[in-house]
Amino acid sequence: MKPPRSERLQAIIARLHACGYRVTPQREAILAAMADSPDHPTAEAVHRRLLPAIPDLSLATVYKTLTALKACGEVLELQFSNQDNRYDAARPKPHPHLICQGCGAVTDPDLPDVEAMAQALAEATGYAITSHRLDFFGLCPACRARDAAD
């Protein structure tokens, strides 16, 4: 018996259908892994997580599914110059991130005034802001504890 679909997964599936994409069993597994992911995985991490349950899943299928999610606005892609891209389907709209320079963990801090700041910036400059990205870099508590123990 299949576990029940989360509300987020249902919303992603509905949006992909609305955008004209088919949702195959492999694609649904990828969508579920993304929708319920507490972290911001790379495509390779999603692939590794699903391989035990779906041994014939190709990495290309994961990338094609992420491309479909991006096209429908259902995943936020975080690009880094020195790391693999990370993906956030749980919160696909722009929001701030904390990025650990030790282990690479990506966390979503709760900063409620970011949208107000973007609106104020738009009003002050005359820009029509369509998107934004706010990242904070440092060391997570686990890496700080590990460094303190060394």
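## Stop one: the sheet

Select Leu-98 and look across to S5: the residue standing opposite is Phe-136. Before going on, a word about what you are looking at: this is a predicted model, where local features need pLDDT of at least 70, side-chain atom pairs count only at pLDDT 80 or more, and totals for chains, interfaces and linings use all residues. Residues are numbered from 1 along each chain as its sequence is written, and side-chain values use heavy atoms, with hydrogens and water left out.

Two strands pair if DSSP finds at least two bridges between them.

Now color residues 97–100, strand S3, and residues 135–138, strand S5. The two run parallel and are joined by 4 bridges. Move along to Cys-100, and you'll find Gly-138 of S5 opposite.

In what order do the strands of the open sheet come? The order is S4-S3-S5, 3 strands with mixed pairing. S4 and S5 are the edge strands, because each pairs on one side only. As background, strands of a sheet pair through backbone hydrogen bonds, either parallel or antiparallel.

## Stop two: the hairpin and its cysteines

Zoom in on the turn between S3 and S4. These strands form a hairpin with 5 residues between them, and Gly-104 in the turn has a positive phi of about 85°.

UniProt positions are given in the numbering used here, feature names are shortened, and annotations may be inferred rather than shown by experiment.

Take Cys-100 on its own. Cys-100 sits in strand S3. Is Cys-100 buried or exposed? Its relative accessibility is 4%, so Cys-100 counts as buried (buried means under 20% relative accessible area, exposed over 50%, partly exposed in between, with a 1.4 Å probe and protein chains only). Show its contacts, meaning heavy atoms within 4.5 Å: beyond residues up to four places away in sequence, Cys-100 touches Ala-105, Gly-138, Leu-139, Cys-140 and Cys-143.

Now click Cys-103, in the loop between S3 and S4. Cys-103 is partly exposed, with a relative accessible area of 48%. Not counting residues up to four places away in sequence, Cys-103 touches Cys-140 and Cys-143.

## Stop three: a second annotated site

Select Glu-115 and His-132, which UniProt also places under "binding site" in an unreviewed entry. They are spread over 18 residues of sequence but cluster in space, with a largest C-alpha distance of 9.3 Å.

Glu-115 belongs to helix H5, residues 114–125, and is partly exposed at 49% relative accessible area. Leaving aside neighbours within four places in sequence, Glu-115 is in contact with Pro-94 and His-132.

His-132 lies in the loop between H5 and S5. At 22% relative accessibility, His-132 counts as partly exposed.

## Last stops

Head for Pro-109, in the loop between S4 and H5. Pro-109 is buried, with a relative accessible area of 14%. Leaving aside neighbours within four places in sequence, its contacts are Arg-91, Pro-96, His-97 and Leu-98.

Finally, find Phe-80 and show its ring. Arg-133 lies over the face of that ring, at 5.0 Å from the ring centre. The rule here asks for NZ of Lys or CZ of Arg within 6 Å of the ring centre and within 35 degrees of the ring normal.
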